[in-house]
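Visitor: I'd like a quick walk through this one. Can you put it up?

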Amino acid sequence: MVFFRTASVAVSAETLAQHTPMMQQYLRIKAEHPDMLLFYRMGDFYELFHDDAEKAARLLDITLTTRGASAGQPIRMAGVPYHAAEQYLAKLARLGEAVAICEQIGDPKTSKGPVERKVVRIVTPGTLTDEALLEDKTDATMLALVPAPRDKGREALALAWLTLSSGHFAAKTVASDRLAAELARLAPSEILLPEDFGHPDLAILKTTLTRRASWQFDADRGRRLLCEHFGLHDLDAFGLEHQPALQAAAGLLLDYARHTQQTALPHVSGLQLEQDSEFVLLDAAARRTLEISETLRGEPAPTLFSELDNCRTAMGSRLLRHWLHHPLRDRRKLALRLAAIRALLDAPESGRLVRDLLKGMADLERIAARVALKSARPRDLAGLRDSLVRLPDLAAVLDTGDEALEVLSHRLDFPAEPLDRLRRAIQPEPGAVLREGGVIKDGYDAELDELRALQSDCGGFLLAMETRERERTGIANLRVEYNKVSGFFIEVTRAQTDKVPADYHRRQTLKNVERYLTPELKAFEDRFLSASERALAREKQLYDELLDALLEVLPELQRVAAATASVDVLAGHALLALERRYAMPEFSDEWGIAIDGGRHPVVETRVDAFIPNDLKLDANRRMLLITGPNMGGKSTYMRQVAHIVLLACCGLFVPAERAVLGPVDQIFTRVGSSDDLAGGRSTFMVEMTETAGILHGATEQSLILMDEIGRGTSTFDGISIAWAVARHLAEKTRAYTLFATHYFELTQLDREFKGVINVHLDAVETQAGLTFLHAVEDGPASQSYGLQVAKLAGVPGAVIQAARRKLVMLENQQIAASPQGDLFAPPPAPEPAINPALERLLEIDPDELSPKQALEVLYELRGLA
């Protein structure tokens, strides 16, 4: 027995025959796409039926209704207008849903049964290419992963990822325990994985997980698909010939992308095999802590990216985001970027002209992808034309003699013939959609002009005929008109119908008039309607030919798009560096980091006066032990160092007077506190997991930020763990380390290990309150100011007073054999007991006393003393 499987039921062939012809067609198509919503085109609507309708009504907040019946059951249905479908598709994609778009491809006039339909594309969160479905400054990337052979005894994974809207295709093998770091870097919108695969880092993701049958991740199949797509005999050119797991992941990904787009992917022209050695690596915690493109609350601003994004184009903004998440170790590439920024700074007029030319430029990168997928709309091509016209002027401005800018100038060269064809073919302001016409310019094609002339002559023909018929019939108010409902007609009032000639054939009767058709008018109507249809068909043919012509220069189009985005980032950053007094970083082969007058790039824009601070790490200063009060600026100081190092490794200017960097391979952070309820991990467990990752993964060339480690457990446990971790980093790892703590005991490490240096951020207490100085000074802090900070936070006065009494008691007691005492000062010698006068004094709140009560208390204290 044959079964057709839908989302929730299996329909037998016998049951299928009981349905109406249209529902039979729907169920057959739905059976081929059981795990996604089916948008079934009916006239001006996309309809959804049965379970799909209920689900869509719930997700999209649209009306669910019941109409008619099929196989004896009411048909549940919901629909969205065809012309507004993009907004609904965008919402479904954000919710992680996949949608199959089923269009009418047959001619309703010639169809004897239901109009022929087929799925023309599939929309999933990772395969978005339409402008209306994508965020301007964020890529939609899909990733495939599959287990790989163990590497040096460690479990490994093969990853491949593809951004359809740009054509970027890459792959790499990673250790299984680095999956979270890779997912944080790539931020995929959709992950394809075998149906039987599981990984703890996937359990807490909000990303859409798409399970595929395990046989689809076959290495031989993947290799064959990749070779066919790229027209190669083997995959040596990409370094994948002897990488079966990568072949499986990349092949599956390519096949999935082609299946969803229902077309070839000519803009995916290469496959990059990435190596960790190319980049300064950041783990997931570092990307989160440094708030590169998302705040700790998950918001897009204020972040490092939002503060630095000074780009004129969306593709420039996306490239900047990519640079920030992919800092480089290749200093030749960094030098080229920095030299280009310096050249634009040295020629401010050129920089201004560059930004003027970039303003309003279309998103060439995404338009190129839509050209490749044959989904480019008329206004895409108009934007492409208007942008390409500017490239010669842009290239001329960059032709300054500077080597870095010369390279970009040459990459902006685009063939003249395709641009000339675009200028001749596309209307200055074309229609929004091709089906409505008005896209191709007059004078571009003689046949189209002839068909349009026939339509435009309609008004003259009707007026001439109206004049002739009035003279012939003697009916002065006779009219010859046209509308889309009735077509062409001669209209005569009821009182004049006795004068109508014999060759007038009644077409329509209305309340006060009769409408007629003559053989002459019928012949003109046939020609007119035929011309309209033929004009639209001809316009579509010319448009498709134009897309084919652009496909021939697709590599050149992608090249100029990439170059334009680079120019945008560099020019925008040059202006930013000028306005904010950023400095060009320097690089050294010697171990060390030196920063003069460093500032936090985000915080400094949000305060009236930011206090710059220096940093010096060298062979004699490998670890800075940072102490100071809460809110004193310890975390800001550490983060600004990481931001400066990150920006320098992106080839960008830095917020400092001067910065010199030695070799850097990774950036680690253990800053802040948060639990992982979904993963069943407490705040302290998260802290220890991140610490373990640092101790196992850091090298001598890594930058490490450790902030208040050990605070999530008992005091002695916390001190012991913090001390042992600091000792390991100082003695074994010997990395660039900033270690902030409130444990005074750790400040003794500088006596045990060479290279450990105490620094602090101080505060002063006055009658007006506590003032934070935010300046980094040598030596350990002298006081915690915890109670004062608690008072600033609004803790009730009675609680503060009780805390002061308890603090005095603790300071005067011997805690075990090794007192912790004041966390920032050596413990005082023990006293037999607290002085009664002092104890009474601590109980007093001066703000609550009247003058008389204050005098009485003064006598009481004198007596106690």
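Visitor: Which residue in β17 is the bridge partner of N483?
Guide: G487 is the bridge partner of N483 in that strand. This is a predicted model, where local features need pLDDT of at least 70, side-chain atom pairs count only at pLDDT 80 or more, and totals for chains, interfaces and linings use all residues. Residues are numbered from 1 along each chain as its sequence is written, and side-chain values use heavy atoms, without hydrogens and water.

Visitor: How do β16 and β17 pair, parallel or antiparallel?
Guide: Antiparallel, over 5 bridges, with β17 covering residues 487-493. Pairing takes at least two DSSP bridges; strands are DSSP runs (E, at least two residues), as are helices (H or I, at least four), numbered from the N terminus.

Visitor: What order do the strands of that open sheet have?
Guide: The order is β16-β17-β19-β18, 4 strands with antiparallel pairing. β16 (479-483) and β18 (505-509) each have a single partner strand, so one side of each has no neighbour in the sheet. Neighbouring strands are turned by 40 degrees against each other on average, direction ignored.

Visitor: Which helix lies across β16 and β17?
Guide: Helix α20, residues 458-473, which runs at about 150 degrees to β16 (axes fitted to C-alpha atoms, for helices over the stretch in contact; angles from 0 to 180 degrees between N-to-C directions). Helix α21 (residues 519-551) also packs on the sheet and touches β16, β17, β18 and β19 (513-517). The direction of α21 makes about 150 degrees with that of β17.

Visitor: New topic. How many residues of β26 are buried?
Guide: In β26 (residues 702-707), 6 of 6 residues are buried, meaning under 20% relative accessible area (1.4 Å probe, protein chains only). One side has S702, I704 and M706, the other L703, L705 and D707.

Key
Contact means heavy atoms within 4.5 Å. Buried means under 20% relative accessible area, exposed over 50%, partly exposed in between (1.4 Å probe, protein chains only).
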